[in-house]
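Please walk me through this structure in questions and answers.

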Amino acid sequence: MAVDIKQLRIGSHVEVNGVRRKVLGLGCGRVSSLPHPVNTEVNPIPITPELLVELGFERGSGEREWHKEIGETWIGIHLFLDRERIRVYVSDYSADYGNMIVRYLHELENFIYLILGKELIEE
């Protein structure tokens, strides 16, 4: 399944030939995720418990609850039973900043960047 280029931004991560790559450029209906532009199909990366661990999330009180702290802000994740939909929310100790249903890494990255202005994966 190819990712929709309209859902990406520079800094998003996608799968290219089985390898996670950072999007370095967008334009003319193409995605560049390599140092030199390449016309290739890119695929979304599903969010899995293994990926959450790799990204620094910790399991919460329930089997499907995950969280990560960035400064004084919490990113919470709830995996639904079907494991194809994930609710992500951001809050600090005084307010909630919204929540969204996501399925793929680039959607999670976009939501966190929109709310916090920070990259989920620092490279």
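Q: How many helices and strands does the protein chain have?
A: The model is predicted. From the N terminus on, its elements run β-β-β-β-α-β-β-β-β-β-α. The secondary structure therefore comes to two helices and nine strands.

Q: What share of the residues of the protein chain counts as buried?
A: The chain has 123 residues. A residue counts as buried under 20% relative accessible area. The share that counts as buried is 39%.

Q: Among contacts between residues at least 6 apart in sequence, what share joins residues at least 24 apart?
A: Contact here means heavy atoms within 4.5 Å. Pairs at least 6 apart in sequence form the basis of the count. Of these contacts in the protein chain, the share that joins residues at least 24 apart is 36%.

Q: What is the strand order of the open sheet?
A: The sheet has five strands, with antiparallel pairing. β5 (58-59) and β9 (96-102) stand at the edges, each with a single partner strand, so one side of each lacks a neighbour in the sheet. The order is β5-β6-β7-β8-β9.

Q: Why is strand β7 largely enclosed by the rest of the structure?
A: Strand β7 spans residues 73-79. The reason it is largely enclosed lies in its buried residues, which number six of the seven.

Q: How many bridges join β7 to strand β8?
A: Strands of a sheet pair through backbone hydrogen bonds, either parallel or antiparallel. β7 and β8 (residues 86-91) run antiparallel. Across this pairing, W74 stands opposite S91 in β8. The number of bridges joining β7 to β8 is six.

Q: Which residue in β7 is the bridge partner of E69?
A: Strand β6 (residues 65-70) pairs with β7 in the antiparallel sense over six bridges. For E69, the bridge partner in β7 is W74.

Q: Which residue in the turn of the β6 and β7 hairpin has a positive phi?
A: β6 and β7 form a hairpin, with two residues between them. The positive phi is about 65°, and the turn residue that has it is G71.

Q: Is T73 buried or exposed?
A: T73 is found in strand β7. Leaving aside neighbours within four places in sequence, T73 is in contact with K68, V90, S91, D92 and L116. Its relative accessibility is 15%, so T73 counts as buried.

Q: How many salt bridges does the count give?
A: Side chains of opposite charge can pair when their charged atoms come close. The cut-off is 4 Å between a side-chain nitrogen of Lys or Arg and a carboxyl oxygen of Asp or Glu. One of the pairs is D4 with K6, at 3.7 Å, N to O. By this rule the count comes to three.

Q: How many residues apart are R9 and E119?
A: R9 forms a salt bridge with E119, the closest N and O atoms being 3.0 Å apart. The pair links distant parts of the chain: R9 is in the segment before β1 (13-16) and E119 in the segment after α2, at a separation of 110 residues.

Q: How far apart in sequence are the parts tied together by R20 and E54?
A: R20 forms a salt bridge with E54, the closest N and O atoms being 2.7 Å apart. R20 lies in strand β2 (residues 19-22) and E54 in helix α1 (residues 49-54), so the pair ties together parts separated in sequence by 34 residues.

Q: How far away from buried E109 is the nearest side chain of opposite charge?
A: E109 has its place in helix α2 (residues 105-116). Not counting residues up to four places away in sequence, E109 touches R9, G11, S12, H13, L120 and I121. E109 has no salt bridge. The nearest side chain of opposite charge is R9, and its distance is 5.5 Å.

Q: Over the face of which residue does R85 lie?
A: Elsewhere, R9 lies over the face of Y113, at 4.4 Å from the ring centre. R85 is at 4.4 Å from the centre of its ring, and that ring belongs to F80.

How values were computed:
Residues are numbered from 1 along each chain as its sequence is written. This is a predicted model: local features need pLDDT of at least 70, side-chain atom pairs count only at pLDDT 80 or more; totals for chains, interfaces and linings use all residues. Side-chain values use heavy atoms; hydrogens and water are left out. Buried means under 20% relative accessible area, exposed over 50%, partly exposed in between (1.4 Å probe, protein chains only). Helices (H or I, at least four residues) and strands (E, at least two) are DSSP runs, numbered from the N terminus. Two strands pair if DSSP finds at least two bridges between them. A charge sits over a ring if NZ of Lys or CZ of Arg is within 6 Å of the ring centre and within 35 degrees of the ring normal. Lys and Arg count as positive and Asp and Glu as negative; His and the chain ends are not counted.
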